[in-house]
Amino acid sequence: MGDSENVIEKCRSLLGILEMYVSKMPREHKFTMGDRIMHRGIMILEETVEAYYAQRQGKKERVLRINTHLEVLRQLLRLLFERDFHNLQKHEHFIREMDGLGRLLGGWAKSLA
């Protein structure tokens, strides 16, 4: 399996984790921050699939855009952690998952250079 297939699988895994987390959020935040988190996770998956099928000259730009979406997601989750929406253990789990995805994206971008 190549870098791009690994990235797609990692995105799907991350989306599942986010979905479980958002489903347990308090109602007053589920439809604001929860929606933003899920939307960003879905955008990452969509952009990854689009990058997979894009022509070679457009792939690197798309991969860099995915990385930007991932960074926004990191910041949203960090904001929730700082406001005590989730504990350190859960936050570290998110960070590990996102760092793994970031490394795969970096490898994919490097292979396109």
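Q: Let's start with serine 4: buried or exposed?
A: Serine 4 counts as buried because its relative accessibility is 12%, where buried means under 20% relative accessible area, exposed over 50% and partly exposed in between, with a 1.4 Å probe and protein chains only. This is a predicted model, in which local features need pLDDT of at least 70 and side-chain atom pairs count only at pLDDT 80 or more, while totals for chains, interfaces and linings use all residues. Residues are numbered from 1 along each chain as its sequence is written, and side-chain values use heavy atoms, with hydrogens and water left out.

Q: Where is serine 4, and what does serine 4 touch?
A: Serine 4 lies in helix α1, residues 3-23, helices being DSSP runs of H or I with at least four residues, numbered from the N terminus. Leaving aside residues up to four places away in sequence, serine 4 touches Tyr52 and Trp108, contact meaning heavy atoms within 4.5 Å.

Q: And glutamate 97, what about that one?
A: Glutamate 97 is in helix α5 and counts as buried because its relative accessibility is 15%. With residues up to four places away in sequence not counted, glutamate 97 touches Lys10, Ser13, Leu14 and Ile17.

Q: Changing topic, how do α4 and α5 pack?
A: Helix α4 (residues 56-82) and helix α5 (residues 88-112) pack at an angle of about 165 degrees with their axes 10 Å apart; the axes are lines fitted to C-alpha atoms over the stretch in contact, and angles run from 0 to 180 degrees between N-to-C directions. The two helices, α4 and α5, are therefore roughly antiparallel to each other, a term for angles over 145 degrees.

Q: Which residues meet there?
A: Among them, Val63, Ile66, Leu70, Leu73, Leu77 and Phe81 in α4 meet residues of α5 including Leu88, Phe94, Met98, Leu101, Leu105 and Leu112. Several residues of α4 are buried, including Val63, Ile66, Leu70, Leu73 and Leu77.

Q: What comes after α4?
A: Aspartate 84 follows α4, and its phi is positive, near 60 degrees.

Q: How far does α4 reach from its first C-alpha to its last?
A: With 27 residues, α4 reaches 40 Å, close to the 39 Å expected at 1.5 Å a residue, the expected span being 1.5 Å times one less than the number of residues.

Q: Last one: what does UniProt list?
A: An unreviewed UniProt entry lists "domain: bAvd-like" for residues 9-111, although such annotations may be inferred rather than shown by experiment. Over residues 9-111 the chain is 88% helix and 0% strand, with the end C-alpha atoms 18 Å apart.

Terms used. Angles under 35 degrees count as roughly parallel, over 145 as roughly antiparallel, 65 to 115 as roughly perpendicular and the rest as oblique.
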